[in-house]
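Let's take a walk through this one together.

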2 protein chains.
Amino acid sequence: MASENVVMSQGSTAAAVSEQLSDLITEGRLAPGSRVSDAALALRLKVSRNTVREAFRLLAHDGLLVHEFNRGVFVPFVTSEDVRDVYRLRRVIEPQVVRALTPADTHRLGRLRQAVLDAEAVSSEEDWPRVGTANMHFHRALVALANSPRLDLTMRRLMAEQRLAFAVMDDPRPLYEPFVGRNKALLGLLGEARFEEGANFLESYLADSEGRILAACERRDSA
Amino acid sequence: MASENVVMSQGSTAAAVSEQLSDLITEGRLAPGSRVSDAALALRLKVSRNTVREAFRLLAHDGLLVHEFNRGVFVPFVTSEDVRDVYRLRRVIEPQVVRALTPADTHRLGRLRQAVLDAEAVSSEEDWPRVGTANMHFHRALVALANSPRLDLTMRRLMAEQRLAFAVMDDPRPLYEPFVGRNKALLGLLGEARFEEGANFLESYLADSEGRILAACERRDSA
DNA sequence: GCATATTTGTCCGTATGTATA
DNA sequence: CTATACATACGGACAAATATG
């Protein structure tokens, strides 16, 4: 019912709308599979339909919405297959990035360190959605070390979908909480240029996360 | 100057517009770095600006246009760095897909075979843009064997940019012509389940293409 | 199966702000 | 600095497709 006007945070109103929507979706406040009406949203946010549709395209670009012609846009229903696919790519990309690092890269870990600090701060407040965001930033910063714009783009998409998958968890705590310590531990290894160890650690860590989310998916599907 | 109306090929007019534009860009008929005015294009194609902007989003999604806020959309200027980045990803993705194949996959090469046939047909007519399209289809079909929707998406983007990079070639023939035979040879190896050989062949083949395009880039940059 | 209501896709005209000549 | 051109955003409108009764 809250119908506040959207602030033009950094220029584009469409970007502001998409950010708001992105939060709603990744926090699970919009049920997967539900349709999002552009007209209704335009009314609620007091922007024009065209602007909302522009925001839809931005989100569809990251896989946070799916667009079906003449039917509308929907919050994607994340299947077990989707989760497996996301992790299949992450397991190829992230360890490979770590293994390709050189000692010179140990001085480029600023953004990873910041993400760890953010995660610790919001974790003590048990604000799990924000822990998810900090985790997302950590892994994107990790991949950014490879200096590949196209890999960055792929990773952004993957982590957006990752957060979407998190929304299926009934109790997010057991999934989110381990992230904080693990990211910190990985950062420590990277800082000491122990890349092979870091890559192995990351691999088992990703496998563990995947297992937890798949288990939650199956619990949901059987219900 | 031709101002024919756009046909609604598969429902969406925006999709039709984006296809037309895609051809113009990948054939190099729109100079890299040039601005594409939505108003002008809307006038020429006799569709509304909103529709054109929608098409812009679709193309920006594949990297065929870049959008700068409050400045407009531009045909990207492909740098040597871009070419290196595209090939860095392709060299990781494609050989890995091939190495992960199993003998059962030898019966799923229909789309690759079709792409080879198409390439041979248009190659005899020296229609190089179409050879480029057939080559794009071949490599996308190759990656599709991995059954990963997210990998498919990444590959679609990469191959779209790949075609964009082709546009820098002054004489496309020496670049395009070898594709036909090489794709056919690779298909032959895959059909006989000689995957390791195929992966190695693909690696050297990709390295060769990259070198040719980079050389063309440097010729262009020095001019 | 049909008629209706809703929603989407598309279009237009305009106002406002921004960048560039 | 002014002026022009252009991009963003707006709201209203209509036809076509879809969903609903």
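16 residues of chain A are in contact with 17 residues of chain B, where contact puts the C-beta atoms, placed from the backbone, within 7 Å. On chain A's side, H3, helix H4 (80-99) and helix H7 (149-166) each give two or more residues; helices (H or I, at least four residues) and strands (E, at least two) are DSSP runs, numbered from the N terminus. H7(A) brings the largest share, five residues.

A quick word on what you're looking at: this is a predicted model, where local features need pLDDT of at least 70, side-chain atom pairs count only at pLDDT 80 or more, and totals for chains, interfaces and linings use all residues. Residues are numbered from 1 along each chain as its sequence is written, while chains are lettered from A and ligands numbered from 1 in the order in which they are written.

Now find helix H3 of chain B, residues 49-61. Its buried residues (20 or more other C-beta atoms, placed from the backbone, within 10 Å of their own) include B:Val52, B:Phe56 and B:Leu59. They pack against H3 of chain A, and also against helix H1 (13-26), H2, strand S2 (66-68) and strand S3 (72-74) of chain B. After H3(B) comes B:Gly63, with a positive phi near 80 degrees.

And the DNA? 18 residues surround DNA strand D, with A:Ser12, A:Thr13, A:Val47, A:Thr51 and B:Gly72 the closest; being near means a C-beta atom, placed from the backbone, within 6 Å. H3(A) supplies the largest share of that surface, three residues.

Conventions:
Two residues are in contact if their C-beta atoms, placed from the backbone, lie within 7 Å. The expected span of a helix is 1.5 Å times one less than its number of residues. A residue is buried if 20 or more other C-beta atoms lie within 10 Å of its own, exposed if 12 or fewer, and partly exposed in between; C-beta atoms are placed from the backbone.
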